[in-house]
Amino acid sequence: MKTRIYIGTPQGAVQVERIWREDGIAESMACLKRTTEKLPIGAGYNDFVKRPSGIIEREFGPFDAGAFRLDLSATINQGKSWQLAVFTAHALARDGLLAGPDDPFERVIWLTGEVDSDLKVGAVSQVPEKIHSAVADLEAL
């Protein structure tokens with residue numbers, strides 16, 4: 001069952017469009033859509049996925065040489081509330097179940113939350129604003 005993952009932000013729902021591993025790059029990056037524009041959360045994303053601090057390589061690896069590229073449908077400038085959605089998206093992508101923007105999908109999951117090194121989900125701020133701003137985006141689906 002292909003699933004679309006959306007990150008809750010105060011500006012609206014941001015879709016995780018795609019995640020893949022690239023050879024020849026040392027640092028994982030987050031980019032806007034499928035462009036070369038790197039997003040401000042890129043350094044935090046690299047820390048989230050890469051050993052020794054990151055949990056993605058620990059939980060889903062080992063991986064071949066290279067790093068990840070994460071494509072998002074809109075910019076996320078700050079914070080860590082994207083972590084729960086991105087963790088979930090990595091799990092789905094590993095199994096070929098992450099739906100991109102043009103893929104058919106059977107399910108939509110909207111998430112917000114921080115994930116610590118013990119895989120515990122932490123509270124984040126502005127949840128009512130994130131829910132309110134996502135309603136129109138999710139209803140459109």
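Predicted model: local features only at pLDDT ≥ 70, side-chain atom pairs only at ≥ 80, totals over all residues.
Let's start with the largest nonpolar core: 29 residues. By nonpolar core I mean buried Ala, Val, Leu, Ile, Met, Phe, Trp, Tyr and Cys residues joined through side-chain atoms within 4.5 Å. Buried is under 20% relative accessible area, with a 1.4 Å probe and protein chains only. I7, V16, F48 and L72 have the most contacts inside this core. At least two core residues each come from β1 (3-9), β2 (12-22), β3 (29-32), α1, α2, β4 (67-72) and α3 (83-94). The largest share, six residues, is from α3. Helices here are DSSP runs of H or I, at least four residues; strands are E, at least two; both are numbered from the N terminus.

Residues are numbered from 1 along each chain as its sequence is written, and side-chain values use heavy atoms, with hydrogens and water left out.

Now V16. Contact means heavy atoms within 4.5 Å. Beyond its neighbours within four places in sequence, V16 contacts I5, I7, L70, D71, L72, A89, L98 and A99.

Next, I55. Where does I55 lie? In the loop between α1 (42-49) and α2 (56-60). Is I55 buried or exposed? Buried, at 3% relative accessible area. Not counting residues up to four places away in sequence, I55 touches F48, F87, V115, D116, S117 and L119. I55 and T35 sit 20 residues apart in sequence, and 26 Å apart in space, C-alpha to C-alpha.

Notes
Buried < 20%, exposed > 50% of the residue type's maximum accessible area, 1.4 Å probe, protein only.
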